[in-house]
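Thank you all for coming. I would like to walk through one structure with you, starting from a single side chain and ending with the packing of some helices.

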Amino acid sequence: MIISMKLHSTKQEVESVCERIRERGYKVHSIEGEERVVIGAVGVGDTTNILESLEAMNCVEKAVRISAPYKFVSKEFKNTRTQIKIRTHTGEIEIGGDEFVMMAGPCSVESEKQIMECAEAVAATGAKVLRGGAFKPRTSPYDFQGLEEVGLKLLAKAREATGLAIITEVMSDRDVSLVAEYADILQIGARNMQNFALLKTLGSAGRPILLKRGMSSTVKELLMSAEYIVAHGNPNVMLCERGIRTFETVTRNTCDIAAVAALNELTHLPVILDPSHATGKRSLVPPLARAGVAIGADGLIIEMHPCPEKAVSDGAQSLTFPQFSAMMKDLAPYIKLWKAARATELAAV
Ligand code: PEP
Ligand code: MN
């Protein structure tokens, strides 16, 4: 059950509603939005006339029962798209709105020269967000683990030089506040999608989150993980399809492209497609990127590198700069159609 408080309700009014919910045996999760407080009542409690009794309170706007196990992130809770705004020093980026958002950069931040060159190549195409891993989840403990805080500082320098927003991975709840000092968006990698301690900490990270789908996770599990972050106080979550593990070996992972459309039916959160990790092969990135635009993703996250054969991680799936800019040109007419469709949809709301 979700209870929306009237605009600008007082702390006392919120507490009076929480108290009534607790009396019925439910647990309370309240979320303070910019404009209003929303209270989630979870667990098993006495349902007799509860919606009516809550709506009878002067400070309550609406009380609704939600059948999906993921409450705050479901379409039942909110039928309009969540739009995530990021302020940069050259303007504002909105994810989930009327702009298709391109994020691109190397798998790992390797050096100042490398990340600066990437940032300039990304900015030159009109893309708005620079990716780059400073904390890297690697299968082998002997592989490059990332430049950590040095890498974060280099990303901040690249932002300074170009005005791009920064997205980078945080792997541990210990590092959330450090990474949030430097990054505009915190990426949660596939391997950490169900790191519940980390997800809870993200509730108070004060930054938007890009939550990647676990390689063996269902769409519902992805939504439950997003629910953790939102229920702990951070409504600014975007989801990312990056391919799942199947018997197929031609691609590194199997892109569950239909999951993008399914997510659009089930949740109001923005959905980003990662064609790089989904395929593992640079030749397959542009065609899958096109599919992502066509199916209605809100944006793409792409790996690129000044010299992919020398990349310390994920070189095989990284585009060269000329390939990246050719892909951006190739996508332009598709993005134009995307924008027209999105404008019609937003105007109808
Ligand atoms: C990455 O973005 O470089 C990465 C490690 O992605 P994933 O968590 O999807 O494997
Ligand atoms: Mn990578």
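This is a predicted model: local features need pLDDT of at least 70, side-chain atom pairs count only at pLDDT 80 or more; totals for chains, interfaces and linings use all residues.

Glu 94 lies in strand β6, residues 91-95, and, leaving aside residues up to four places away in sequence, Glu 94 touches Gln 83, Ile 84, Lys 85, Glu 99 and Val 101 (contact means heavy atoms within 4.5 Å). Strands (E, at least two residues) and helices (H or I, at least four) are DSSP runs, numbered from the N terminus.

As for conventions, residues are numbered from 1 along each chain as its sequence is written, and chains are lettered from A and ligands numbered from 1 in the order in which they are written. Local features need pLDDT of at least 70, side-chain atom pairs count only at pLDDT 80 or more, and totals for chains, interfaces and linings use all residues, while side-chain values use heavy atoms, with hydrogens and water left out.

Turning to the helices, α8 (residues 257-266) and α10 (residues 285-295) pack at an angle of about 20 degrees, with their axes 10 Å apart; axes are lines fitted to C-alpha atoms, for helices over the stretch in contact, and angles run from 0 to 180 degrees between N-to-C directions. These two helices, α8 and α10, are therefore roughly parallel to each other, a term for angles under 35 degrees. In α8, Ile 257, Ala 258, Val 260, Ala 261 and Asn 264 meet Leu 288, Ala 291, Gly 292 and Ile 295 in α10.

Helix α7 (residues 219-231) packs with α8 at about 50 degrees, their axes 11 Å apart. Here Val 219, Leu 222 and Leu 223 in α7 meet Ala 259, Leu 263 and Leu 266 in α8.

Key: Angles under 35 degrees count as roughly parallel, over 145 as roughly antiparallel, 65 to 115 as roughly perpendicular and the rest as oblique.
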